[in-house]
Amino acid sequence: MLQTIQGIYRNGKVELAEIPQDITESQVFVTFFKPESVNRASQFMSFGMFSGSQQSTEADFRDAEFNGDIDDALGWA
């Protein structure tokens, strides 16, 4: 049975993100991925970032803000 569990290599050790299920001892293969730089600024919406004839307003941001509404069916109670 194969299981894939994400982890991180740091200071000579592999730290697993979770404990493997039903495995007490096993051979493993470790594959290192080239680190990718992520531009965090490009992942956030900011005022006026969408081009077009109509720009975002502060009211648009207030309307889009999540407030944990009870009747949004997301289980907040």
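Modeller: Gladly. Let us begin with a term: two strands pair if DSSP finds at least two bridges between them. Please keep in mind that this is a predicted model.

Biologist: Thanks. How many helices and strands are there in the protein chain?

Modeller: The protein chain has 1 helix and 2 strands.

Biologist: In what sense do β1 and β2 pair, and over how many bridges?

Modeller: They pair in the antiparallel sense, over 4 bridges. As an example of residues facing each other, Gly7 is opposite Leu16 in β2.

Biologist: And which residue takes a positive phi in the hairpin of β1 and β2?

Modeller: That is Asn11, with phi near 55°. The hairpin has 2 residues between its strands.

Biologist: Next, aromatic rings. How do I describe a pair of them?

Modeller: A pair of aromatic rings is described by how far apart the centres are and by the angle of the planes. This structure holds 1 aromatic pair. The rings belong to Tyr9 and Phe32: their centres are 5.3 Å apart and their planes stand at 90°, so the pair is edge-to-face.

Biologist: Where do Tyr9 and Phe32 lie?

Modeller: Tyr9 is in strand β1 (residues 7-10), while Phe32 is in the loop between β2 (13-16) and α1 (58-64), so the pair ties together parts that are 23 residues apart in sequence. Tyr9 counts as partly exposed because its relative accessibility is 48%. Phe32, at 57% relative accessibility, counts as exposed.

Biologist: What about charged side chains?

Modeller: Side chains of opposite charge can pair when their charged atoms come close. Here the count comes to 1 salt bridge. Glu15 forms a salt bridge with Arg10, and their closest N and O atoms are 3.0 Å apart.

Biologist: Finally, what share of the 77 residues in the protein chain is buried?

Modeller: Buried residues make up 1% of them. The accessible surface of the protein chain is about 8,100 Å², and 52% of that belongs to carbon and sulfur atoms. Among the contacts with a separation of 6 or more, residues 24 or more positions apart account for 0%.

Technical notes: Residues numbered from 1 in each chain as written. Predicted model: local features only at pLDDT ≥ 70, side-chain atom pairs only at ≥ 80, totals over all residues. Heavy atoms only, no water. Phe/Tyr/Trp six-rings, centres within 6.5 Å; stacked < 30°, edge-to-face > 60°. Buried < 20%, exposed > 50% of the residue type's maximum accessible area, 1.4 Å probe, protein only. Salt bridge = Lys/Arg side-chain N within 4 Å of Asp/Glu carboxyl O. Contact = heavy atoms within 4.5 Å. Areas by Shrake-Rupley, 256 points an atom, 1.4 Å probe, with all protein chains shown as cover.
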